Amino acid sequence: MEKRTLGQSDILITPILIGTWQAGKRMWVGIEDAETIKAIRAAFDAGITTVDTAEVYGEGHSEQIVAEALSDVRDQVVYASKVFANHLKYDQVIAACERSLKNLNTDYIDLYQIHWPSGFMNSEIVPIAETMGALNDLKKQGKIRAIGVSNFSRSQLEEAAQYGRIESLQPPYSLFWRQVEQDAMPYCLEQKISILAYSPLAQGLLTGKFGPNHQFSEGDHRSKNKLFANKDHYQRVQNALDQLRPIAERYQCSLGQLAIAWLISQPQTHAIVGFRNVKQAQQNSQAADINLTSEDLAEIDKIGRTVTDHLDDSPVMWDF
(Lines give C-alpha, C1' and ligand atoms only; values in the text may rest on other atoms or scores of the structure.)
Protein backbone atom coordinates (compact mmCIF):
# COMPACT_ATOMS: atom_id res chain seq x y z
CA MET A 1 0.00 0.00 0.00
CA GLU A 2 1.28 3.47 -0.85
CA LYS A 3 2.44 5.67 2.02
CA ARG A 4 1.96 9.37 2.52
CA THR A 5 3.76 11.94 4.64
CA LEU A 6 2.15 12.83 7.96
CA GLY A 7 1.87 16.63 7.89
CA GLN A 8 5.37 18.04 7.51
CA SER A 9 7.02 15.32 9.59
CA ASP A 10 9.29 12.50 8.46
CA ILE A 11 6.63 9.94 9.41
CA LEU A 12 5.05 7.91 6.62
CA ILE A 13 1.49 6.66 7.12
CA THR A 14 -0.89 4.58 5.03
CA PRO A 15 -4.04 6.16 3.51
CA ILE A 16 -6.07 3.71 5.59
CA LEU A 17 -5.39 3.44 9.33
CA ILE A 18 -6.43 0.65 11.68
CA GLY A 19 -8.99 2.08 14.09
CA THR A 20 -9.25 0.47 17.53
CA TRP A 21 -12.04 2.18 19.47
CA GLN A 22 -13.97 -1.09 19.38
CA ALA A 23 -10.92 -2.95 20.69
CA GLY A 24 -11.45 -1.21 24.02
CA LYS A 25 -14.88 -2.92 24.21
CA ARG A 26 -16.46 -0.13 26.26
CA MET A 27 -19.57 1.26 24.48
CA TRP A 28 -19.48 -1.63 22.00
CA VAL A 29 -21.09 -5.07 22.09
CA GLY A 30 -19.94 -8.42 20.75
CA ILE A 31 -16.22 -7.61 20.69
CA GLU A 32 -13.80 -10.48 21.38
CA ASP A 33 -10.10 -9.81 22.06
CA ALA A 34 -8.86 -12.79 20.07
CA GLU A 35 -10.87 -11.76 17.00
CA THR A 36 -9.70 -8.15 17.31
CA ILE A 37 -6.06 -9.21 17.48
CA LYS A 38 -6.47 -11.38 14.40
CA ALA A 39 -8.20 -8.51 12.57
CA ILE A 40 -5.44 -6.01 13.41
CA ARG A 41 -2.83 -8.48 12.23
CA ALA A 42 -4.76 -9.20 9.03
CA ALA A 43 -4.90 -5.46 8.32
CA PHE A 44 -1.13 -5.24 8.82
CA ASP A 45 -0.61 -8.21 6.51
CA ALA A 46 -2.76 -6.42 3.92
CA GLY A 47 -0.42 -3.43 4.02
CA ILE A 48 -1.97 -1.11 6.62
CA THR A 49 0.95 -0.08 8.79
CA THR A 50 -0.62 2.77 10.79
CA VAL A 51 -2.81 2.14 13.84
CA ASP A 52 -4.83 4.62 15.88
CA THR A 53 -5.81 4.09 19.51
CA ALA A 54 -6.37 6.13 22.71
CA GLU A 55 -5.99 5.89 26.45
CA VAL A 56 -9.76 6.24 26.93
CA TYR A 57 -10.65 3.25 24.73
CA GLY A 58 -11.43 0.74 27.45
CA GLU A 59 -9.11 2.60 29.87
CA GLY A 60 -6.00 1.35 28.12
CA HIS A 61 -7.37 -2.01 26.99
CA SER A 62 -7.32 -1.02 23.31
CA GLU A 63 -3.67 0.02 23.56
CA GLN A 64 -2.82 -3.32 25.18
CA ILE A 65 -4.59 -5.20 22.38
CA VAL A 66 -2.62 -3.21 19.79
CA ALA A 67 0.60 -4.20 21.55
CA GLU A 68 -0.42 -7.84 21.64
CA ALA A 69 -1.15 -7.77 17.92
CA LEU A 70 1.84 -5.78 16.66
CA SER A 71 4.72 -5.69 19.17
CA ASP A 72 6.81 -8.15 17.14
CA VAL A 73 6.62 -5.82 14.11
CA ARG A 74 6.88 -2.53 16.02
CA ASP A 75 9.66 -1.27 13.75
CA GLN A 76 7.32 -1.60 10.74
CA VAL A 77 4.27 0.19 12.15
CA VAL A 78 3.26 3.71 13.14
CA TYR A 79 1.44 4.07 16.47
CA ALA A 80 -0.97 6.97 17.03
CA SER A 81 -2.57 7.39 20.46
CA LYS A 82 -4.42 10.13 22.32
CA VAL A 83 -4.62 11.82 25.71
CA PHE A 84 -8.19 12.45 26.91
CA ALA A 85 -9.77 15.80 27.82
CA ASN A 86 -9.54 15.13 31.59
CA HIS A 87 -5.73 14.75 31.45
CA LEU A 88 -4.63 18.00 29.81
CA LYS A 89 -2.68 19.64 32.65
CA TYR A 90 1.09 19.44 32.20
CA ASP A 91 1.73 16.64 34.73
CA GLN A 92 -1.37 14.75 33.60
CA VAL A 93 -0.24 14.73 29.96
CA ILE A 94 3.17 13.37 30.97
CA ALA A 95 1.61 10.67 33.15
CA ALA A 96 -0.93 9.71 30.49
CA CYS A 97 1.82 9.34 27.89
CA GLU A 98 3.81 7.10 30.24
CA ARG A 99 0.76 4.87 30.73
CA SER A 100 0.21 4.66 27.00
CA LEU A 101 3.86 3.80 26.39
CA LYS A 102 3.55 0.98 28.90
CA ASN A 103 0.24 -0.26 27.46
CA LEU A 104 1.65 -0.19 23.92
CA ASN A 105 4.87 -1.91 25.04
CA THR A 106 6.99 0.68 23.27
CA ASP A 107 9.45 3.44 24.17
CA TYR A 108 7.97 5.98 21.75
CA ILE A 109 4.61 6.91 20.22
CA ASP A 110 4.80 8.17 16.64
CA LEU A 111 1.79 10.50 16.84
CA TYR A 112 0.35 11.68 20.15
CA GLN A 113 -2.94 13.56 19.92
CA ILE A 114 -5.19 15.65 22.16
CA HIS A 115 -8.38 13.57 21.94
CA TRP A 116 -10.89 16.35 22.72
CA PRO A 117 -10.41 20.02 23.62
CA SER A 118 -10.39 20.82 27.33
CA GLY A 119 -13.88 21.33 28.70
CA PHE A 120 -15.31 18.35 26.81
CA MET A 121 -17.68 16.31 28.99
CA ASN A 122 -17.34 18.94 31.74
CA SER A 123 -13.60 18.41 32.06
CA GLU A 124 -11.53 21.18 33.59
CA ILE A 125 -10.56 24.04 31.30
CA VAL A 126 -6.78 23.95 30.78
CA PRO A 127 -4.92 26.58 28.72
CA ILE A 128 -3.80 25.05 25.43
CA ALA A 129 -0.34 26.55 26.05
CA GLU A 130 0.07 24.29 29.11
CA THR A 131 -0.98 21.15 27.24
CA MET A 132 1.20 21.96 24.25
CA GLY A 133 4.11 22.64 26.60
CA ALA A 134 3.89 19.08 27.88
CA LEU A 135 3.59 17.67 24.36
CA ASN A 136 6.58 19.69 23.15
CA ASP A 137 8.65 18.39 26.07
CA LEU A 138 7.64 14.80 25.32
CA LYS A 139 8.71 15.38 21.74
CA LYS A 140 12.09 16.76 22.81
CA GLN A 141 12.57 13.69 25.01
CA GLY A 142 11.87 11.37 22.07
CA LYS A 143 8.82 9.82 23.73
CA ILE A 144 6.60 11.10 20.93
CA ARG A 145 7.58 11.95 17.36
CA ALA A 146 4.71 14.22 16.33
CA ILE A 147 1.77 16.12 17.83
CA GLY A 148 -1.81 15.98 16.60
CA VAL A 149 -5.27 17.08 17.71
CA SER A 150 -8.68 15.48 17.43
CA ASN A 151 -12.16 17.04 17.40
CA PHE A 152 -10.71 20.57 17.25
CA SER A 153 -12.43 23.38 15.38
CA ARG A 154 -10.43 25.65 13.08
CA SER A 155 -10.10 28.32 15.77
CA GLN A 156 -8.94 25.75 18.35
CA LEU A 157 -6.47 24.31 15.84
CA GLU A 158 -5.08 27.76 15.04
CA GLU A 159 -4.63 28.49 18.75
CA ALA A 160 -2.82 25.19 19.38
CA ALA A 161 -0.55 25.84 16.40
CA GLN A 162 0.74 29.01 18.10
CA TYR A 163 2.54 26.80 20.63
CA GLY A 164 4.00 24.06 18.44
CA ARG A 165 3.80 22.23 15.14
CA ILE A 166 0.53 20.30 14.67
CA GLU A 167 0.88 17.49 12.11
CA SER A 168 -2.68 16.15 12.05
CA LEU A 169 -6.33 16.80 12.77
CA GLN A 170 -8.64 13.89 13.53
CA PRO A 171 -12.27 14.85 12.83
CA PRO A 172 -15.41 12.80 12.17
CA TYR A 173 -15.52 12.75 8.39
CA SER A 174 -17.33 10.61 5.88
CA LEU A 175 -19.55 10.95 2.84
CA PHE A 176 -22.45 11.38 5.30
CA TRP A 177 -20.69 13.68 7.82
CA ARG A 178 -18.73 16.57 6.35
CA GLN A 179 -18.67 19.60 8.68
CA VAL A 180 -14.86 19.62 8.62
CA GLU A 181 -14.90 20.65 4.96
CA GLN A 182 -16.46 24.00 5.88
CA ASP A 183 -14.46 24.60 9.05
CA ALA A 184 -10.94 23.28 9.60
CA MET A 185 -10.13 21.63 6.27
CA PRO A 186 -9.08 24.80 4.39
CA TYR A 187 -6.66 25.66 7.21
CA CYS A 188 -5.27 22.10 7.18
CA LEU A 189 -4.64 22.32 3.45
CA GLU A 190 -2.87 25.67 3.84
CA GLN A 191 -0.68 24.45 6.70
CA LYS A 192 -0.02 20.93 5.35
CA ILE A 193 -1.79 19.29 8.30
CA SER A 194 -2.94 15.74 7.56
CA ILE A 195 -6.61 14.91 8.10
CA LEU A 196 -7.16 11.54 9.79
CA ALA A 197 -10.88 10.90 9.36
CA TYR A 198 -12.63 8.82 12.01
CA SER A 199 -15.98 7.12 11.45
CA PRO A 200 -15.26 7.06 7.68
CA LEU A 201 -18.14 4.62 7.21
CA ALA A 202 -20.49 6.74 9.34
CA GLN A 203 -20.25 4.04 12.02
CA GLY A 204 -21.30 1.34 9.58
CA LEU A 205 -24.09 3.16 7.75
CA LEU A 206 -22.06 3.40 4.55
CA THR A 207 -21.68 -0.38 4.41
CA GLY A 208 -25.39 -0.63 3.64
CA LYS A 209 -25.85 -3.40 6.21
CA PHE A 210 -28.34 -1.47 8.35
CA GLY A 211 -31.82 -1.72 6.85
CA PRO A 212 -34.77 0.65 7.30
CA ASN A 213 -35.91 -0.95 10.57
CA HIS A 214 -32.59 -1.71 12.25
CA GLN A 215 -32.49 -1.78 16.06
CA PHE A 216 -29.19 -1.72 17.99
CA SER A 217 -28.44 -3.98 20.93
CA GLU A 218 -28.61 -2.38 24.35
CA GLY A 219 -25.32 -0.67 25.21
CA ASP A 220 -24.36 0.07 21.59
CA HIS A 221 -23.48 3.79 21.47
CA ARG A 222 -24.46 4.02 17.81
CA SER A 223 -28.13 4.17 18.82
CA LYS A 224 -27.41 7.81 19.79
CA ASN A 225 -25.74 8.68 16.47
CA LYS A 226 -27.78 11.46 14.87
CA LEU A 227 -27.77 9.73 11.48
CA PHE A 228 -29.38 6.65 13.04
CA ALA A 229 -31.58 8.25 15.67
CA ASN A 230 -33.33 10.85 13.51
CA LYS A 231 -35.91 9.13 11.28
CA ASP A 232 -35.73 11.74 8.52
CA HIS A 233 -31.93 11.58 8.39
CA TYR A 234 -32.05 7.79 8.40
CA GLN A 235 -34.47 7.71 5.45
CA ARG A 236 -32.26 10.08 3.47
CA VAL A 237 -29.33 7.76 4.23
CA GLN A 238 -31.24 4.77 2.82
CA ASN A 239 -32.13 6.71 -0.33
CA ALA A 240 -28.50 7.77 -0.83
CA LEU A 241 -27.27 4.20 -0.42
CA ASP A 242 -29.66 3.09 -3.15
CA GLN A 243 -28.05 5.66 -5.48
CA LEU A 244 -24.52 4.58 -4.53
CA ARG A 245 -25.06 0.86 -5.18
CA PRO A 246 -24.85 1.06 -9.01
CA ILE A 247 -21.52 2.92 -8.73
CA ALA A 248 -20.13 0.26 -6.39
CA GLU A 249 -21.28 -2.42 -8.83
CA ARG A 250 -19.38 -0.71 -11.66
CA TYR A 251 -16.17 -0.88 -9.63
CA GLN A 252 -16.98 -4.41 -8.44
CA CYS A 253 -16.58 -3.28 -4.84
CA SER A 254 -18.72 -3.03 -1.72
CA LEU A 255 -20.46 0.15 -0.59
CA GLY A 256 -17.98 0.38 2.27
CA GLN A 257 -14.98 0.11 -0.04
CA LEU A 258 -16.50 2.79 -2.28
CA ALA A 259 -16.99 5.16 0.67
CA ILE A 260 -13.41 4.67 1.86
CA ALA A 261 -12.04 5.14 -1.67
CA TRP A 262 -13.98 8.40 -2.00
CA LEU A 263 -12.71 9.66 1.35
CA ILE A 264 -9.01 8.96 0.78
CA SER A 265 -9.33 10.72 -2.57
CA GLN A 266 -10.06 13.99 -0.74
CA PRO A 267 -7.08 16.33 -0.24
CA GLN A 268 -4.65 15.26 2.51
CA THR A 269 -7.26 12.87 3.89
CA HIS A 270 -6.79 9.41 5.39
CA ALA A 271 -9.44 7.03 6.73
CA ILE A 272 -9.35 5.40 10.18
CA VAL A 273 -11.28 2.17 9.76
CA GLY A 274 -12.25 -0.19 12.56
CA PHE A 275 -12.28 -3.96 12.01
CA ARG A 276 -14.22 -6.52 14.02
CA ASN A 277 -12.76 -9.53 12.24
CA VAL A 278 -10.26 -10.71 9.63
CA LYS A 279 -12.76 -10.56 6.76
CA GLN A 280 -13.55 -6.90 7.42
CA ALA A 281 -9.85 -6.06 7.64
CA GLN A 282 -9.09 -7.72 4.33
CA GLN A 283 -12.09 -6.21 2.55
CA ASN A 284 -11.64 -2.64 3.74
CA SER A 285 -7.92 -2.60 3.00
CA GLN A 286 -8.74 -3.24 -0.66
CA ALA A 287 -10.35 0.20 -0.89
CA ALA A 288 -6.86 1.66 -1.32
CA ASP A 289 -6.67 -0.06 -4.72
CA ILE A 290 -9.81 1.59 -6.12
CA ASN A 291 -9.15 4.50 -8.47
CA LEU A 292 -12.34 6.52 -8.86
CA THR A 293 -12.73 8.72 -11.93
CA SER A 294 -13.26 12.44 -11.46
CA GLU A 295 -16.79 12.02 -12.80
CA ASP A 296 -17.63 9.32 -10.27
CA LEU A 297 -16.02 11.29 -7.43
CA ALA A 298 -18.30 14.19 -8.31
CA GLU A 299 -21.37 11.95 -8.53
CA ILE A 300 -20.60 10.35 -5.15
CA ASP A 301 -20.08 13.81 -3.67
CA LYS A 302 -23.48 14.93 -4.97
CA ILE A 303 -25.23 11.86 -3.53
CA GLY A 304 -23.59 12.40 -0.15
CA ARG A 305 -24.89 15.95 0.00
CA THR A 306 -28.49 14.70 -0.12
CA VAL A 307 -27.78 13.58 3.44
CA THR A 308 -25.35 16.20 4.76
CA ASP A 309 -27.24 19.25 3.48
CA HIS A 310 -29.95 18.49 6.05
CA LEU A 311 -27.66 18.21 9.09
CA ASP A 312 -27.05 21.03 11.58
CA ASP A 313 -23.65 22.64 12.13
CA SER A 314 -22.73 20.65 15.24
CA PRO A 315 -19.49 18.69 14.71
CA VAL A 316 -20.47 16.06 17.32
CA MET A 317 -22.09 12.95 15.82
CA TRP A 318 -23.90 11.77 18.94
CA ASP A 319 -26.60 13.00 21.31
CA PHE A 320 -24.96 11.68 24.46
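User: How many bridges join β7 to strand β8?

Analyst: In this predicted model, strand β8 covers residues 168-170 and runs parallel to β7. Within this pairing, G148 stands opposite S168 in β8, and the bridge partner of S150 is Q170. The number of bridges joining β7 to β8 is 3.

User: Which helix makes a β-α-β unit with β7 and β8, and what is the handedness of the unit?

Analyst: The unit consists of β7, a helix spanning residues 154-161, and β8. That helix is α5, and the unit is right-handed.

User: Why is strand β7 largely enclosed by the rest of the structure?

Analyst: Strand β7 comprises residues 144-150, and a residue is buried when its relative accessible area is under 20%. The strand is largely enclosed because its buried residues number 6 of the 7.

User: In what order do the 8 strands close into a barrel?

Analyst: The pairing in this barrel is parallel. Neighbouring strands of the sheet are turned against each other by 30 degrees on average, direction ignored. The order is β3-β4-β5-β6-β7-β8-β9-β10.

User: At about what angle does helix α2 run to β5?

Analyst: Helix α2, residues 61-70, lies across β4 (50-52) and β5 (78-83). Its angle to β5 is about 170 degrees.

How values were computed:
Residues numbered from 1 in each chain as written. Predicted model: local features only at pLDDT ≥ 70, side-chain atom pairs only at ≥ 80, totals over all residues. Heavy atoms only, no water. Buried < 20%, exposed > 50% of the residue type's maximum accessible area, 1.4 Å probe, protein only. Helix = DSSP H or I, 4+ residues; strand = E, 2+ residues; numbered from the N terminus. Pairing = 2+ DSSP bridges. Right-handed = clockwise from strand over helix to strand, strands pointing away. Axes fitted to C-alpha atoms, helices over the stretch in contact; angles between N-to-C directions. Contact = heavy atoms within 4.5 Å.
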